[in-house]
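I opened my notebook today to look up a few things in one structure. Here is what I went through, entry by entry.

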Amino acid sequence: MNRNIFYISFISILFPSSDIFWDLGVAISKYSINPSIAQSFSLSTYHRIEGLKHYYVEDYSTAISHFEKINFEDHKLVIYEFANAHFHTNNHDKALEIINSFNGLKSDENLQYLLSKILISLMMYEEALIVLNELKNNFKNSDYSDIIMFEIEKINLLKWKTNTFLYI
């Protein structure tokens with residue numbers, strides 16, 4: 001007990017700008033932080049994490065509602081998941097809009113492959129072929145290499161069905 005009084009006295013000497021309520025175990029400082037900045041960051045981070053949780057259990061609608069509430073910096077971290085969630089809920093136009101709003105991420109092969117899938121689903125075969133060929137040329141050692149070739153052949157078959165066969 002005597003040690004506690006000593007520690008409390010020592011702390012009160014070190015921090016004279018704080019009121020120490022030793023019986024409650026708290027101290028109140030005269031200095032404050034700006035809670036609006038921390039709250040904004042925490043809320044965006046919360047929605048990003050919750051959105052990812054729902055995304056990975058394939059609850060895409062709830063994931064989308066969380067992703068829509070995050071700030072721009074956090075959107076950069078989950079752009080693939082956000083666009084893919086829209087793709088899985090058959091909102092292909094919104095998924096395309098999300099990807100196009102982040103033009104700086106064209107170097108991300110996952111995002112580019114998702115873009116090609118969206119374009120194929122919208123029957124925009126020419127544009128999908130351009131994206132797939134860029135992927136094939138820019139990411140030669142990609143995990144998607146075999147899939148890209150399959151997708152190109154699939155598009156050619158779809159286009160052949162409509163009598164407009166494309167050569168690569």
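**Entry 1: burial and surface.** Before counting anything, I reminded myself that a residue is buried when its relative accessible area is under 20%, and exposed when that area is over 50%. The model I am looking at is a predicted one. With that cut-off, I found that 33% of the 168 residues of the protein chain count as buried. I then looked up the surface: the protein chain exposes about 11400 Å², and 58% of this comes from carbon and sulfur atoms.

**Entry 2: the fold in outline.** I listed nine helices and two strands in the protein chain. Reading along the sequence, I wrote the pattern down as α-β-β-α-α-α-α-α-α-α-α. I also checked how far contacts reach: among those with a separation of 6 or more, 39% join residues 24 or more positions apart.

**Entry 3: His54.** Where does His54 sit? I found His54 in helix α2, which covers residues 35-56. Is His54 buried or partly exposed? Its relative accessibility is 21%, so I put His54 down as partly exposed, given that buried means under 20%. Next I looked up its partners, leaving aside neighbours within four places in sequence: His54 is in contact with Asp59, Thr62, Ala63 and His66.

**Entry 4: aromatic rings.** How many aromatic pairs are there? I counted three, taking ring centres within 6.5 Å as a pair. One of them is Tyr55 with Tyr60, an edge-to-face pair with 5.6 Å from centre to centre and 65° between the planes. Both partners turned out to be buried: Tyr55 has a relative accessible area of 9%, and Tyr60 has 14%.

Phe67 and Phe82 make another pair; their ring centres are 5.7 Å apart and their planes stand at 75°, so I logged this pair as edge-to-face. Why does this pair tie together parts that are 15 residues apart in sequence? Phe67 lies in helix α3 (residues 60-67) and Phe82 lies in helix α5 (residues 79-88), so the pair links those two parts. Phe67 and Phe82 are both buried.

**Entry 5: the tyrosines together.** Last, I went back to the tyrosines and noted that ring pairs link Tyr55, Tyr56 and Tyr60 into a cluster.

Definitions and conventions. Residues are numbered from 1 along each chain as its sequence is written. This is a predicted model: local features need pLDDT of at least 70, side-chain atom pairs count only at pLDDT 80 or more; totals for chains, interfaces and linings use all residues. Side-chain values use heavy atoms; hydrogens and water are left out. Helices (H or I, at least four residues) and strands (E, at least two) are DSSP runs, numbered from the N terminus. Buried means under 20% relative accessible area, exposed over 50%, partly exposed in between (1.4 Å probe, protein chains only). Contact means heavy atoms within 4.5 Å. Accessible areas come from the Shrake-Rupley method with a 1.4 Å probe; for residues, only the protein chains shown count as cover. Rings of Phe, Tyr and Trp (its six-membered ring) pair if their centres lie within 6.5 Å; planes under 30 degrees apart count as stacked, over 60 as edge-to-face and the rest as tilted.
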